[in-house]
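Please look over the sequence and the model shown here. The paragraphs after it go through a few places in turn.

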Amino acid sequence: MIYTVTLNPSIDYHIWLSALSQGAIHEAKKEWKVAGGKGINVSKVLRALGEDSTALGFVGGFTGVFIQQQIEQAGIAHQFIQINHDSRINVKIKAENETDISGVSPPVPEEALERLFEQIDRLQSGDYLVLAGSVPKSLPSDMYQMIMQRLRGKGVRIFLDAKGQALKNGLPEEPFLIKPNHHELGELYGVTIATPAEAIEWGRKALQMGAQNVIVSMAGQGAVFVNRNESYLAQIPQRKPVNSIGAGDSMVAGFLYGLTRGMDTEAAFRFAVAAGSTTALSEGFCTREKIEAFIQDVTITFIS
Ligand SMILES: Nc1ncnc2c1ncn2[C@@H]1O[C@H](COP(=O)(O)OP(=O)(O)OP(=O)(O)O)[C@@H](O)[C@H]1O
Ligand SMILES: O=P(O)(O)OC[C@@]1(O)O[C@H](CO)[C@@H](O)[C@@H]1O
């Protein structure tokens, strides 16, 4: 069974403007409101690919009701834990370029946290667990590490898509996969990663710190994959992105999907890159049809 955890879900309010200027009044050309948060996005992409998952996390208030309804309408199983305060609203402004404003995360009470731990304790060998996105401020920054410690030795494969302290703290627990983008990986080591060669070099450092597999996503530059046996570079044709929100989540979902369908590492990585890119290059998330049409445009190079 696949579980996704979104500790800090959101309503993503996508809004299209002709131009964004500080201090001005803007009239939107178009808008969308969708349930968001990285784990939830992974569940959505998996659903679109025909793979079931159960979404876990905290939802609250009128925004939480909306998020839960959307997940149910999408046919995604969930075991959300209700909290009293409103889930966040994250604003995604599309003008000359993309600007994100993330809302304030709601406080999560101790009892809600205990309930999440009870759910985590029920996971079994062979399950996959995706831990993705930010940790609400009221929770300890080593939340993901705490979850992973509870699962030690149980045979659950953990995909960790986090940044900063949450990523750093999680590495010693040997997550099956991490998927930082090149900025997030650079931030971990206090360096700037600008090229795939640098992403491979620093990705290998993350292996030394505990990660079993590392995908470093590099937006329009593609991605690199490293583990102890194999390293690959994925390149994609240069095209203007339409919506890069959720591209990284689509990549995580694509890799997970590939593994569950028995693809080898290289094929799962190729599928993951095609999933990320087709989300970035179209409105809405990737679909199987879009991925299949794009996948031959992904060039994979084996790196020794
Ligand atoms: N401009 C683009 N053109 C083609 N593919 C893209 C583009 N931007 C992103 N992608 C694809 O999506 C993958 C993930 O993108 P990115 O590195 O932006 O992830 P991210 O920062 O985790 O994204 P997010 O947090 O918005 O989900 C890339 O490796 C690439 O395959
Ligand atoms: O603030 P976080 O939890 O790091 O990221 C949240 C978020 O930006 O990530 C998703 C895209 O990856 C969006 O659906 C959501 O708004």
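In which strand is Gln-82 found? Gln-82 belongs to strand β6, residues 81-83; strands here are DSSP runs of E with at least two residues, helices are runs of H or I with at least four, and both are numbered from the N terminus. This is a predicted model, in which local features need pLDDT of at least 70, side-chain atom pairs count only at pLDDT 80 or more, and totals for chains, interfaces and linings use all residues. Residues are numbered from 1 along each chain as its sequence is written, while chains are lettered from A and ligands numbered from 1 in the order in which they are written.

Gln-82 counts as partly exposed because it has 13 C-beta neighbours inside 10 Å. The scale calls a residue buried with 20 or more other C-beta atoms within 10 Å of its own, exposed with 12 or fewer, and partly exposed in between, with C-beta atoms placed from the backbone. Leaving aside residues up to four places away in sequence, Gln-82 touches Val-59, Gly-60 and Gly-64; contact requires C-beta atoms, placed from the backbone, within 7 Å.

Gln-238 sits in the loop between β14 (231-235) and α8. Gln-238 is exposed, since 7 other C-beta atoms lie within 10 Å. Its C-alpha atom is separated by 22 Å from that of Glu-266, 28 residues apart along the chain.

The axes of α8 (residues 247-260) and α9 (residues 265-280) come within 7 Å and cross at roughly 150°; axes are lines fitted to C-alpha atoms, for helices over the stretch in contact, and angles run from 0 to 180 degrees between N-to-C directions. α8 is therefore roughly antiparallel to α9, a term for angles over 145 degrees. Residues of this contact include Ala-247 and Gly-248 of α8 and Gly-276 of α9. The contact residues divide into 15 nonpolar, six polar and no charged. Nonpolar means Ala, Val, Leu, Ile, Met, Phe, Trp, Tyr, Cys and Pro; charged means Asp, Glu, Lys and Arg; the others, Gly among them, are polar.

Ligand 1 has 22 residues around it, of which Ser-217, Gly-220, Ala-247, Gly-248 and Gly-276 come nearest; a residue is near a molecule if its C-beta atom, placed from the backbone, lies within 6 Å of it. The elements giving two or more residues to this shell are α8 and α9.

Around ligand 2 there are 15 residues, with Ser-10, Gly-36, Asn-90, Gly-133 and Ser-134 nearest. By class they are one nonpolar, 11 polar and three charged.

How values were computed:
Parallel < 35°, antiparallel > 145°, perpendicular 65-115°, else oblique. Contact = placed C-beta atoms within 7 Å.
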